[in-house]
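Here is a friendly walk through one protein model. Have the sequence and the 3D view at hand as you read.

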Amino acid sequence: SSSAAIEVATAFALLDVSGITITPTQIAKLCQHAENEFVGIQCGIMDQFVACHEKPGEALMLDCRSLEFRRVPLPSGICLVICNTMVHHELARSEYNQRRADCTAGVRHLAGVLPHVIALRDVTASELEQYARDMDPVVYRRCRHVVSENGRVEQAFSALQRGELGRFGELMFASHYSLRDDFEVSCPELDILVEIASGLPGVYGSRMTGGGFGGCTVNLVRAEYADAFCDSIQRRYWEMTGIEASIYR
């Protein structure tokens, strides 16, 4: 997401000084292309798209195939708190591309028995379980994360529409555990931050964000508990790791 932010900011600056006008979606596509072809990370378009289209006080659910999106207002009385582990394990680039390769292998296997499948979004959880026995166990876990995460996104959007922050938070925690156990892109420092957050008052949910192997967690916290949350998580993370986390409210 940090590289996407730089790409999008640069694109808007260049467009401004050149006087050229293109749509926000076209900008997002160009920035994704720069990431894929120049940087060499086979990322999707989510981060670039959100940077171009998002509005304050809203969440956005994006269909990365059609690029259709829906907005939902974030409820009042909450804070998003970002906790930076301050660690960076030199795994993110190579392991991210490996996860993409694992998922592609899963699609190839499933398409052999399910002709309609061209991506994991076309696979239901029951279909995945039905044909899992013939899959490599690692590939199966990678696919299970993606299929289950797609389901969690749909459920999370519905929960926000209904104002059910407790349910939304449960899905955040479930997402982290899936990223940790099935996709295996977390790290001890991220897990510690999520563990600490889960025991603090006023916390709805917590999960890692970004490419993994370091970086940040994002936490949904009731506003009246936000100051205490920031103080507590920074202190306890220091006690458990000897690292001073950066906290962004």
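The report below looks at one helix and its packing, and then at salt bridges.

## Helix 9 and its surroundings

Please keep in mind that this is a predicted model. Helix 9 covers residues 226–241, which makes 16 residues. From its first C-alpha to its last it reaches 22 Å, close to the 22 Å expected at 1.5 Å a residue.

Which residues of helix 9 are buried? They are Ala226, Phe229, Cys230, Ser232, Ile233 and Tyr237. If you select these in your viewer, you will find them packing against strand 3 (78–88), strand 4 (203–209), strand 5 (214–222) and strand 6 (246–248), as well as helix 8 (188–198).

## Salt bridges between separate parts

Side chains of opposite charge can pair when their charged atoms come close. In this model the count comes to 18 salt bridges.

One of them joins Asp63 and Arg121, with 2.7 Å from N to O. Asp63 sits in the loop between strand 1 (58–62) and strand 2 (69–73), while Arg121 sits in the loop between helix 4 (92–111) and helix 5 (125–130), so this pair ties together parts that are 58 residues apart in sequence. Both partners are partly exposed: Asp63 has a relative accessible area of 23%, and Arg121 has one of 41%.

## A pair within helix 4

Glu95 and Arg99 form another salt bridge, and their closest N and O atoms are 2.6 Å apart. How many residues apart are Glu95 and Arg99 in helix 4? They are four residues apart, a separation of about one helical turn.

Are these two side chains' residues buried or partly exposed? Glu95 counts as partly exposed, at 24% relative accessibility. Arg99, in contrast, is buried, with a relative accessible area of 5%.

Glu184 belongs to the loop between helix 7 (165–181) and helix 8, and Arg141 belongs to helix 6 (residues 137–161), so the pair ties together parts that lie 43 residues apart in sequence. Glu184 is partly exposed at 33% relative accessibility, and Arg141 is partly exposed at 24%.

Methods
Residues are numbered from 1 along each chain as its sequence is written. This is a predicted model: local features need pLDDT of at least 70, side-chain atom pairs count only at pLDDT 80 or more; totals for chains, interfaces and linings use all residues. Side-chain values use heavy atoms; hydrogens and water are left out. Helices (H or I, at least four residues) and strands (E, at least two) are DSSP runs, numbered from the N terminus. The expected span of a helix is 1.5 Å times one less than its number of residues. Buried means under 20% relative accessible area, exposed over 50%, partly exposed in between (1.4 Å probe, protein chains only). Contact means heavy atoms within 4.5 Å. A salt bridge is a side-chain nitrogen of Lys or Arg within 4 Å of a carboxyl oxygen of Asp or Glu.
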